[in-house]
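Visitor: Could you walk me through reading a model like this one?
Guide: Gladly; here it is.

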Amino acid sequence: MTSGPNSSTAPAPSRQNACFPPSDQVPKADPRAAVGPESKSLSEESPEDSDAVKEAEFKEGGYGWVVVFGVWLVNMHTWGLISSYAIFLAYYLRSGTIIGASPLFFAFIGGLSSSMALLVSPLATYSIKTLGTRITLFIGAVFEAGSFIGASFSTHAWQLLLSQGICFGLGMGFCFTATVGIVPQWFTKRRSFANALATGGSGFGGLTYALGANSMITNLGLEWAFRILAITCFTVNGCVCLIMKDRNKAVGAKHIAFHKDLFFQPEYWLFVGWGFFGIMGYIIVVFSIADFALQAGFTSNQASLASAMFNLSQALGRPAIGLLSDRLGKMNVAGIGTLIASVVAFFLWIFAGKYFAGLIIYALFGAVAGILWPCVGPVAAEVVGIQLLPAALSVYWIILVFPATFAEVIGLSLKREMIGAGVYLNVQVFTGFMFFASFLSMWLLRSWKLRQMECLGLYEKEQEAAIHNVAVVHPSEESKHELASTRRQQNIVVSYITNMFTMKRL
């Protein structure tokens, strides 16, 4: 699926760390940590046969490709399974098998399972610190399998809430948090591609289980569909526990639930805004596309196929997004991809979605609708640095709990009282605006990054001049204060807007 590992020594701390808080607020990475003996760089959870892979210094990839495959499987059996909830939602809305449940309740279940996965991230982060990655992952596998077993016996709304809503969300949260930060630890040059390749598992899972769930419900019934899913996900996630290996000690990862300095960084809030609006649009699309197809007059098999195509697009598109991110820049791809998601929601989904061929074409743009997932890790590393990545993502997922919980509830509440594809017009417009707001947040973050690079570039020129003993030397303290004062007097708004139209690889 991919080329062999590319050997390279780990670089010194990247310059994005210099754009984060001052050195007296955030601990800096030790450059020697990434190039020490393997016996010191691997976590204590390394298998007993790890002696066979000891190296004098860290090499990109290597066992990391095994880790990528493991994370791919976890994503397939966590986010991939939740992507198939569109099939369950369409079935619930028409079967009336759950006593005391309304359409909004079923929409809330889907959002709750997603938000619980994000809400539990601080607890899962603490579990990684105290129990280790493998045990944390196994805890998630147990919760997830138990949720499907419980859902198979559910006949009332509160039972479905506890099983498919809360319990599944807890399991997915432990699995997701345990693995989301591991892949970037094994790669430097190919970080975006490797991360996107791993997240592509959710697309394949959504494709597989969208078609499989519809077939199992039709032929075996809802109860056995849940039980088969329980056995499958427990077996796969349990096996991944055996091969998963992190490099937490080598990179000096800070597994803390909260880092207070993050809340005082404007660039971090722009990063949050990108995810806040993006996940709201994404969840509405992924949970509504099957019901939209039924409302437009298509059959249940056609609705299942549309949902499957949406997930296939993510499965194939996410590795491509990773490659483009490495070549064109992480923030460039994240921002432009979100803008494309907005445009296709406004035009393709609204005007072409009422035809089955048009709906399939829109579904094939699923990769850009879910661009948050392949880009969130690499972009976060650009903003806060690899050391603070676990802490930054822990806070990030907590903030995204609100949009993840209520996105589909808001979507269904916007449906119009009519028959046909027009029932979703307000939902489509709302989704398009959410993606556009996400794009603006990312593009402002990109503008901030360009501004920081300009400041660092000036300092590098001063250093180079001093090395070559030319007229320009290190500025005096007085000139430093004068330069700082001049920069503060600049119109920051104008600078940000100008940088938004500057084309650079970033």
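Predicted model: local features only at pLDDT ≥ 70, side-chain atom pairs only at ≥ 80, totals over all residues.

Guide: Residues are numbered from 1 along each chain as its sequence is written, and side-chain values use heavy atoms, leaving out hydrogens and water.

Visitor: What does the protein chain average in pLDDT?
Guide: pLDDT is the predictor's confidence in each residue, from 0 to 100. Here the average is 78, and 76% of the residues score at least 70. Residues 1-57 stay under 50, as do residues 458-475.

Visitor: At what angle do the axes of H6 and H18 cross?
Guide: Helices are DSSP runs (H or I, at least four residues), numbered from the N terminus. Axes are lines fitted to C-alpha atoms over the stretch in contact, with angles from 0 to 180 degrees between N-to-C directions. H6 (residues 121-130) and H18 (residues 389-399) cross at roughly 155°, their axes coming within 9 Å. So H6 is roughly antiparallel to H18 (over 145 degrees).

Visitor: Which residues in H6 and H18 meet?
Guide: Contact means heavy atoms within 4.5 Å. Ser121, Pro122 and Thr125 in H6 meet Ser394, Trp397 and Ile398 in H18.

Visitor: Is Thr199 buried or exposed?
Guide: Buried means under 20% relative accessible area, exposed over 50% (1.4 Å probe, protein chains only). Thr199, in helix H9 (residues 191-219), has 10%, so Thr199 is buried. Beyond four places in sequence, Thr199 touches Asn75, Arg318, Trp373 and Pro374.

Methods
Helix = DSSP H or I, 4+ residues; strand = E, 2+ residues; numbered from the N terminus. Parallel < 35°, antiparallel > 145°, perpendicular 65-115°, else oblique.
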